[in-house]
Amino acid sequence: NAVMLAKLLDGQPGIVTPFPPVLNQVLIDCAPSRLDDRAAHQFIAGVCRAVQANGETWIGGTTHKGRPMARYSVTNGATTEYDVKRTAQAIIAVVGARRG
């Protein structure tokens, strides 16, 4: 499911998954590169809050090699392909809205 989510997200406008998922973790690089570190952290925090607020899924912020990113973990064996597709749609919509 993590691999499927990464494939659904990678290459969407403003979204990069910097490497294939390891086990159940997907890193999501979606902050505009023009932002400084503080602004990028704020952007990622806003994306995470908005995704959480819509109630579809939960993602959190992290830092990878100094770059702020969002992190999604598949933590339940009951997660289905349908759930992953809905999660991807929610993340894509929020990132698109925030990037304008």
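In this predicted model, the confidence score pLDDT (the predictor's confidence in each residue, from 0 to 100) is lowest in strand β2 (residues 60-64), at a mean of 95, and highest in helix α1 (residues 2-9), at 97. The average over the protein is 95, and 100% of the residues score at least 70. Helices (H or I, at least four residues) and strands (E, at least two) are DSSP runs, numbered from the N terminus. Residues are numbered from 1 along each chain as its sequence is written, and side-chain values use heavy atoms, with hydrogens and water left out. As the model is predicted, local features need pLDDT of at least 70 and side-chain atom pairs count only at pLDDT 80 or more, whereas totals for chains, interfaces and linings use all residues.

Side chains of opposite charge can pair when their charged atoms come close. The structure holds three salt bridges, each defined as a side-chain nitrogen of Lys or Arg within 4 Å of a carboxyl oxygen of Asp or Glu. One of them joins R67 and D29, with an N to O distance of 2.9 Å. This pair links distant parts of the chain, 38 residues apart: R67 lies in strand β3 (residues 67-73) and D29 in the loop between β1 and α2. D29 counts as buried because its relative accessibility is 15%, where buried means under 20% relative accessible area, exposed over 50%, and partly exposed in between (1.4 Å probe, protein chains only). R67, at 22%, is partly exposed. Leaving aside residues up to four places away in sequence, D29 touches G14, I15, V16, P18, R67, P68 and M69; contact here means heavy atoms within 4.5 Å.

A salt bridge also forms between R86 and E56, whose closest N and O atoms are 2.6 Å apart. The two residues are 30 apart in the chain and link distant parts of it, with R86 in helix α3 (residues 81-99) and E56 in the loop between α2 and β2. R86 is partly exposed at 31% relative accessibility, and E56 is partly exposed at 30%.

Another salt bridge pairs E81 with K85, at 3.0 Å between the closest N and O atoms. E81 and K85 are four residues apart in helix α3, so about one helical turn separates them. Relative accessible area is 44% for E81, which is partly exposed, and K85 is partly exposed at 39%.

The loop between α1 and β1 contains L23, which is exposed with a relative accessible area of 81%.
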